[in-house]
Amino acid sequence: MPGTLSQIKTRAASRQAFNNRNCINFITSEYKRLSFIFSHEYIIKKQPVVRNKMNSMEKLSIKTLNNLKHTEGFSVPSTETINLPEKVLQFGTGVLLRGLPDYFIDAANKQGKFNGRVVVVKSTASGDLEAFKQQDGLYTHCIRGLENNNKIEKNIINASISRALSAADEWEEILACAADPNMQIVVSNTTEVGIQLVKDDKIDAAPPASFPGKLLAFLHARYKAFNGNPAKGLVIIPTELIVNNGEKLASIVMDLAKLNGVDQAFLDWLSAANHFCSSLVDRIVPGKLAPAESAAFIERYQYTDDLLITSESYSLWAIEASPEIAKTLSFAGADKGVVIAEDITKFRELKLRLLNGSHTFTCGLAHLAGYETVKQAMDSREIEGFISELMFREIAPSIVGHDLSHEEAKEFGEKVLDRFRNPFIEHRWLSITVQYSSKMRMRNLPLLLKHYERTGVVPKAMALGFAAYILFMRCSEKNGVFTGNANGKSYTIQDDHAGWFAEREQSGGKELVKAVLSNTAYWGHDLTQLPGFLNAVTDKFEKLVNGEVSQAIQESCS
């Protein structure tokens with residue numbers, strides 16, 4: 001690579017916006033990145049194609065791309081796609097981000113419409129990045145679904161991710177990305193509990209404790225690197241399932257900046273040069289292929305992939321942004337699943353309430369009824385009938401208004417039912433129960449209150465959903481692990497509110513139901529004051545405890 005380092009130095013030195021520290025960090029980071037690209041580009045061009053046998057199968061990586069060919073239903077990235085500059089910083093490594101935003105960015109890159117890659121940041125302490133490093137950020141995305149009764153089956157090698165960095169171990173390298181003039185966008189998915197103000201978080205920590213703290217530190221580093229140049233602000237797009245997530249994140253970041261005592265000039269730049277866009281993501285991304293299909297995939301394509309994900313074919317990323325900001329989000333032109341609008345309320349209400357809301361109201365009930373996956377439950381007339389009743393007679397009437405018609409809600413609900421019936425996706429109910437309590441509070445409590453506001457009567461399906469939630473959450477604790485039991489089998493509860501339930505393990509059914517519904521500290525409301533709700537939930541709870549699941553469902557649908 002003759003001259004590469006000197007070229008980087010010249011380019012960096014010409015930008016007076018870099019202070020010495022950021023300049024050095026950026027030079028080092030770019031040198032590592034380009035060294036990696038050039039060395040692997042050489043491998044791609046020169047290495048002979050070798051087919052290994054199954055017992056010595058190679059992992060997916062830039063090196064093994066030589067063995068793979070782009071065919072119908074199987075997309076392989078080009079060398080040009082792998083060499084693109086880094087334009088996006090992404091907080092989160094999970095399957096939803098890789099199955100939706102990274103999917104759109106990869107598609108746009110392959111069409112020559114965005115031409116930028118993603119630096120992924122792992123913020124949490126759990127897990128590691130070894131698979132990302134071994135596979136050079138590459139992963140296979142298997143899309144399975146039905147569209148207009150036609151089977152959709154695509155396998156895409158996604159090359160959108162350039163690097164994966166650990167906030168705990170590689171914070172300085174992450175901050176060095178702030179000095180990259182190509183950087184334009186920040187994307188996040190840190191779950192609903194990730195966007196919170198931690199008042200004592202410090203931006204000079206390595207790293208700050210919270211996601212907003214890490215984001216603020218990154219923005220502060222960028223401000224210093226470019227001497228407050230207003231043209232170097234970023235577009236920040238949180239995808240956490242929170243209403244007005246962009247506005248909320250912006251408010252927290254601004255409050256945290258003031259708590260950290262930054263100067264007014266930075267506060268002005270933070271407010272004026274950066275754009276926080278609320279967004280909504282909608283795609284079912286359950287994880288890996290089923291074992292039999294996984295074995296068939298490996299046999300056919302002759303490589304293994306520890307990062308492989310599956311998703312349904314349906315996709316939506318609705319981003320609230322002005323036409324001017326939309327110019328930066330050029331990846332939107334690659335797929336109709338990206339919608340940029342100045343108001344995304346309609347999309348949010350439809351998805352958050354009809355899809356996520358029905359999922360959350362149903363997950364505990366379906367698990368208690370013995371169903372492991374959404375598809376299995378949809379094959380049951382009882383569960384399918386319950387979800388239909390819940391959607392069309394209770395949720396939809398609670399969300400329609402002057403911007404959202406009954407017809408639009410009905411059309412979306414019917415699409416959701418078709419997606420739930422997808423025979424190619426193994427979406428497990430237990431996965432949907434993760435952070436069950438916060439989902440009930442954020443997604444479904446507003447529906448319950450709106451239903452009472454509009455009708456004044458007990459919503460039978462919602463009452464059953466609450467009863468199933470309470471029974472599912474009744475648990476014991478041992479060594480910090482919370483365990484429930486249903487149908488003679490134990491299950492692990494992953495919920496920040498599980499300790500509250502474990503403390504009431506010995507409570508009787510009626511006592512527990514009343515304690516949950518009257519917990520104003522959690523719900524912000526005393527739900528026992530809703531006419532008839534306490535009695536309805538208690539009755540359904542007792543039927544579930546007695547194994548009368550079918551009767552409880554039938555009564556809720558009558």
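**A buried threonine and an open parallel sheet**

In this predicted model, Thr-528 has a relative accessible area of 17% and is therefore classed as buried, since the cut-off for a buried residue is under 20%. Thr-528 is located in a loop, with helix H22 (520-523) on one side and helix H23 (533-545) on the other.

The side chain of Thr-528 takes part in polar contacts with residues of nearby sequence number. One is made with the side chain of Asp-526, at 2.5 Å. Another, at 3.5 Å, links the side chain of Thr-528 to that of Gln-529. When residues up to four places away in sequence are left out, the residues touched by Thr-528 are Lys-514, Leu-517, Ser-518 and Leu-534.

A separate part of the description concerns an open sheet built from 6 strands. The strands are arranged in the order E6-E3-E2-E7-E8-E9, and their pairing is parallel. At the edges are strand E6 (161-166) and strand E9 (275-276), each of which pairs on one side only.

Strand E9 is joined to strand E8 (residues 235-238) by 2 bridges, and these two strands run parallel. Within this pairing, Val-235 has His-275 of E9 as its bridge partner.

Helix H8 (residues 211-225) lies across part of the sheet: the strands concerned are E2 (86-91), E7 (185-188), E8 and E9. The helix runs at about 155° to strand E2. Edge strand E9 is thus described both by its bridges to E8 and by the helix H8 that lies across it.

Notes: Residues are numbered from 1 along each chain as its sequence is written. This is a predicted model: local features need pLDDT of at least 70, side-chain atom pairs count only at pLDDT 80 or more; totals for chains, interfaces and linings use all residues. Side-chain values use heavy atoms; hydrogens and water are left out. Two strands pair if DSSP finds at least two bridges between them. Helices (H or I, at least four residues) and strands (E, at least two) are DSSP runs, numbered from the N terminus. Contact means heavy atoms within 4.5 Å. Axes are lines fitted to C-alpha atoms, for helices over the stretch in contact, and angles run from 0 to 180 degrees between N-to-C directions. Buried means under 20% relative accessible area, exposed over 50%, partly exposed in between (1.4 Å probe, protein chains only). A polar contact is a pair of N or O atoms within 3.5 Å; within protein, one must be able to donate a hydrogen and the other to accept it, and residues adjacent in sequence count only if both atoms are side-chain atoms.
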